[in-house]
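Colleague: I'm new to this one, so please take me slowly through a single part: the spaces inside the model and what surrounds them. Which residues should I look at?

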Amino acid sequence: MSFEKTKWVWQNGNQLLWDEAKIHSSAHALHYGTGVFEGIRAYETPQGPAVFRLKEHLDRLYASAKVYDLQIPCTPEQLTEAISENVRLNGLKNCYIRPLVFFDRGDLGIRAACPTSVMIIAWEWAEAIDAEKKARGLRVTVSPWKKFHSSMMPTTAKSSGQYLNSILAVREAAQRGFDEALLLDINGNLAEGAVENIFLVKDGKVLTNDEKSSILLGITRQSVIEIARNLGYGVEIRALALDELFSADEAFLTGTAIEIAPIREVDGQTIGDGRTRPVTEKIRKTFFEIVTGRKPEYRGWLHFVESKLGAPTSAGRFAPRVRAM
Ligand code: PMP
C-alpha cells in the first residue's frame, strides 16, 4: 500500500499542507497503539468520486472509538465533510482514505489520560495486489499465528495495536513466498485473512463466519452478503472448519483494499478446479458495477464528494478551510 505524498492532510479540524502535518514523539498512540482507524475507498464514477459505504465506515469508527473510550471531538457529519473536502482539495479520483483517531500527547501512563486527536489522509490508489495476480487467484497459507480471541481484545473494533497480529502473520507468509496469510481462531476454525474476511462457496451456497470466530465485521463482507442474497444465492453465516476450505468449490477474500479476491491455492492445495469461479465472478462483477456508480439500485451505498452530484461546491473547493473544533 505505497503512496505518493498529497498536498493536504486533515488534522483536528484543519486542512494542513502535507509537510506541516506532524505528530509529537510523545504521542500515546505511537507508544502503545492506542488508536482506532478506518480504511475507506472512493471510486471514480460518472458523477465524480464517490466514497463507498462512508456511513458504515464512520459508524464502525465511532463504535471502535467507544470501546477504547476515545472521545471523537467532532460529529460524523463533520468527518463526512472533512473527508469529502480532503478528496476534493487533493484532486483525488480513485483513492484510499484513512481516518485515524488516537490518544495524543499529554501522558504516557497506561490509563491513557490524554486528549484525542483525529486525522485524515487520503491518497490516489495503487492496487494492493496487482490485477493479474488477483485474476489468477491468490496463493495463501494457514498462518502459524492464531487470530487473538475476542475475549482478549475486541476483534470487532478496528484498533491500531491489534494489527501487530496481522503484521506477524503477513510477514511470515511472505517469507515463505505466499500472497496472504489465513489465521485460524483459537478453536482451530477459520477466522480471517490478515486484513480480509473469508468466504467459501459450496454447492451454490455462499458461506462466511461472524464475530463468534473473532473477526472484524468487514464492510465489504456485509456488502458481499447483501449482493449474494440479491443475486439469489443462499448465504450461511456460521463457524467454518478448516477442512471446509479445502473442500470448497470456490473461496475468496474480501476487504476494502483487496476488494474481492479469489483464493487459488491454500498451502499448495488447489481450491476447486483452480480456474473457474462462477459465483465469485458474478459477485465481483456486481461489486465493481456498484462502486463505479453503474447500479442505480445501490446508489445509497455511495457518497459523492461533490456536494451536488457532479456540481463543484463553492466554499472550500480551491482553498483549504481552517476550522476550530
Ligand atoms: N479483517 C481485518 C482484520 C481487517 O483489517 C479488514 C480490513 N479493514 C477486514 C477484515 C475487511 O474489512 P473491510 O471490508 O471493512 O475493509
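**Spaces and surroundings**

Modeller: Domain 1 (8-128 + 299-322) and domain 2 (131-292) both contribute residues to the lining of the second largest pocket, so this pocket lies between them. The domain bounds come from an automatic or database assignment. Keep in mind that this is a predicted model, where local features need pLDDT of at least 70 and side-chain atom pairs count only at pLDDT 80 or more, while totals for chains, interfaces and linings use all residues. Numbering runs from 1 along each chain as its sequence is written, and side-chain values use heavy atoms, with hydrogens and water left out.

That pocket has a volume of about 230 Å³. It has 16 lining residues, and His28, Thr34, Tyr68, Phe103 and Ala112 sit nearest its centre. Its lining splits into seven nonpolar, seven polar and two charged residues. (On a 1 Å grid over protein atoms alone, a pocket is an open set of points with protein on both sides within 12 Å along at least five of seven lines, a cavity is a set where a 1.4 Å probe fits but cannot get out, and lining residues have an atom within 4 Å of a point. Points join across faces, edges and corners, and volume is the space filled by probe spheres set on them. Tyr counts as nonpolar and Gly as polar.)

Now the cavities: there are two of 30 Å³ or more. Around it you'll find Arg41, Tyr43, Phe52, His57, Ile219, Thr220, Gly255, Thr256, Glu259 and Phe287. That makes four nonpolar, four polar and two charged residues. β4 (40-43) and α6 (219-230) each bring at least two of the lining residues.

Asp249, Glu250, Ala251, Ile263, Ile271, Gly274, Thr276 and Arg277 make up its lining, with three nonpolar, two polar and three charged residues.

Of the 15 residues surrounding the ligand (a heavy atom within 4 Å), the closest are Tyr163, Glu192, Ile219, Thr220 and Thr256. By class, this shell has five nonpolar, six polar and four charged residues. Both α6 and β14 (250-255) supply at least two of its residues.

For polar contacts (N or O pairs within 3.5 Å), start at Ile219, where a backbone N or O atom lies 2.7 Å from a ligand oxygen. At Thr220, a side-chain N or O atom is 2.6 Å from an oxygen atom of the ligand. Lys158 places a polar side-chain atom 2.9 Å from a ligand nitrogen.

Key: Helices (H or I, at least four residues) and strands (E, at least two) are DSSP runs, numbered from the N terminus. A polar contact is a pair of N or O atoms within 3.5 Å; within protein, one must be able to donate a hydrogen and the other to accept it, and residues adjacent in sequence count only if both atoms are side-chain atoms.
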